[in-house]
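The following note sets out several points for a student who is reading this model. Please keep the sequence and the structure in view while going through them.

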Amino acid sequence: MRVGTCPGTVARVVLPGLSGLALSVLVLGPRNGAPLTGLLAVLVVATALALTRTGPPSLSRDSVPLVVASGLTAVWLCVRAAFAVDPRVSLLGIVGQHTGAIVWIGVVGVLIMLLAFPHSDDLQMVTRIVAVSGAVAGVFAALDAAGLSESYRYSREVSGLLESSSSLGQLALLGVGAAIAWATIAKGTVGRAIAITFGAFGLAGLVLSQSRGAWVAALLAIIVVAVARAMSRRCSSSARWSAAAVVIIVIIGLLLTMWGSALSSETTFARFAEASNERAVIWRNATMQIAESPIIGHGPEQFSAWVTWSTEPGVSIEKTAAYDPHNLLMYVLLGGGVLALAGALGTMYFASKRLFETLSSASFGVAALVAAEVALVGSLMFTWTSPLAALFGAMLSGALLSAADHRSCKGIGADDVIARSEFGWALRSGVIAACVVAMVVLAPGVGAEYIWARALDRGGASPEVLLRTAQMTHDPSMYAASALSYPGETLEELRDAASWHVDSAFELNQAEYTALAVGSGGSWERIIESVESGTDADSASGMWDYLAATEATLLGLDGQAARFAIQALDHPLPDNARAWLEGLCDVSGN
């Protein structure tokens, strides 16, 4: 029986054609629209693969555990998202980020299609696609660094075509690994020179991203792959032990992260926060929210926290929020609890085992691809997932493992594959149905989000654009951003999201305080309700009690001000805020 068939004309152009289209949209479209472009690319590629890869499947039995673990994890996250406080955001992700549950359905769909319906030239094609993509990202990162492609950004780091330096780092990691692999298989000096050039551009993007997480992950990946490769040549069963070691190390890392951010002393936490570029502040809040629903989670993307805030006591507050726990395993725990974590760790084990199995007789180029995949996952322990990087990671994994399964289209025995037509039909139908439903739900907000992203690139979106985007996407961040200009149109939406979304809780609080201060129907009880909602959303921050103390002071409620001041002092606070609150307590005799 021959497997790993040679593709027809339509099937042959799906991956390069759609990848080229996605890159074109990135180049021509708004930078802050990159996450939406990535999500659409994931869904479209998964659907196109399911439609064009016809015939019976040839899924290696060795890949079945990986397919089952990844598939069940993605499905459970979607089920949990359907019952989240905000199901639409949980499924599709927030505007400007899009790491909701449905992206994992698309990513797993791409992986399964490449594993179950392999083509003989998948690995070579995907390697070149990813290398070119990394090089393009690197070129635009260089232009960004030179000030030739400036636009609004949330941080000062170079990001090129993408919305953040972290996303640039993820794509560059894959691009460099793919370029190295391409150079090892290229025929002739010209071919190798082209691959090396692409790799150099990808490396430039990695350097310019200044992503410490990506560099740490790359270093660890090189060590892991080098050790695993050495072991694989001495012991045929070493892959399973290497994979188990990776999972154990990841679990230990997760536990240390949770301890350092939530259970350590304030001195240790302060050092941890500085070393982690304030990620420890995010992880502290994530750990507390995980503890609230450890078994089934809250649904993906139902998280937000204040990363930093500063204040002029009694006058103003400046704040910066995060909408992802910046750690893939914490994201999984928040989204689906230990049930999802078990599936994710199983996926990690089976994927690592299969990848490490390719190292025993693999070329240096294949080792580079494996290292790039390991580095990508490692970098996701420090940031959110770029949909585009997740897509390319799935493409590389699927192509690499199917090539290993079928020995580059030379064929394997019939007993080693699952080739039932009914099984193939079920796989394709499931992927198509999930992705089409997701695109239907996503479609109404696509145009509005690209308009918002374009306006943001030009310096900022107007209140009208923000409200329009909110109404079309139902995104709480957009409602919060337009609340000051359109209080009547946004108040109910702010109340609905306040229990998990810090911006919504803050704007609700401001609306309730203003109503009471000007005598237009507000009450202190409603202000307290908004503060309690904010505390539910961000239980690790002392900002909410500080906010209540300042508002009580301005309203002449000295007893309430002292009560909230005492509560706020139990949290990490800016020095001037702490001094001001201690002054309140001294005045009240507490």
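1. Where is the place of histidine 98? Histidine 98 sits in the loop that joins helix H4 (87–92) and helix H5 (101–116). Please bear in mind that this is a predicted model. The phi of histidine 98 is near 55 degrees, a positive value in a residue other than glycine. In general, most residues other than glycine have a negative phi. Histidine 98 counts as buried, because its relative accessibility is 3% and buried means under 20%.

2. Histidine 326 lies in the loop between strand S3 (316–322) and helix H13 (328–357). Its phi is positive, near 60 degrees. With a relative accessibility of 10%, histidine 326 therefore counts as buried.

3. Glycine 147 comes after helix H6. The phi of glycine 147 is positive, near 80 degrees. Helix H6 itself covers residues 122–145, a total of 24 residues. At 1.5 Å a residue, helix H6 should span 34 Å, and the C-alpha atoms at its ends are 34 Å apart, so the two values agree.

4. Which residues does proline 30 contact, leaving aside its neighbours within four places in sequence? They are Tyr450, Ala453, Arg454 and Asp457. Proline 30 itself is placed in the loop between helix H1 (9–28) and helix H2 (34–52). Since its relative accessible area is 7%, proline 30 is buried. By way of distance, the C-alpha atom of proline 30 is separated by 47 Å from that of arginine 563, a residue 533 places away along the chain.

5. Is serine 60 buried or exposed? Serine 60 is buried, because its relative accessible area is 4%. This residue belongs to strand S1 (residues 59–60). A polar atom of the serine 60 side chain lies 3.2 Å from the backbone nitrogen of aspartate 62.

6. Val216, Leu219, Leu220, Ile223, Val227, Met231, Trp241 and Phe382 make a nonpolar surface patch of about 770 Å². Helix H9 (residues 212–232) gives the most to this patch, with 6 residues. An α-helix has 3.6 residues a turn, so residues three or four places apart point the same way. Valine 216 is found in helix H9. Valine 216 counts as partly exposed because its relative accessibility is 40%, between the limits of 20% and 50%.

Definitions and conventions. Residues are numbered from 1 along each chain as its sequence is written. This is a predicted model: local features need pLDDT of at least 70, side-chain atom pairs count only at pLDDT 80 or more; totals for chains, interfaces and linings use all residues. Side-chain values use heavy atoms; hydrogens and water are left out. Helices (H or I, at least four residues) and strands (E, at least two) are DSSP runs, numbered from the N terminus. Buried means under 20% relative accessible area, exposed over 50%, partly exposed in between (1.4 Å probe, protein chains only). A polar contact is a pair of N or O atoms within 3.5 Å; within protein, one must be able to donate a hydrogen and the other to accept it, and residues adjacent in sequence count only if both atoms are side-chain atoms. Contact means heavy atoms within 4.5 Å. The expected span of a helix is 1.5 Å times one less than its number of residues. Patches are made of residues with over 30% relative accessible area and no salt bridge: like charges are joined within 9 Å, nonpolar side chains (Val, Leu, Ile, Met, Phe, Trp, Tyr) within 5 Å. Accessible areas come from the Shrake-Rupley method with a 1.4 Å probe; for residues, only the protein chains shown count as cover. A salt bridge is a side-chain nitrogen of Lys or Arg within 4 Å of a carboxyl oxygen of Asp or Glu.
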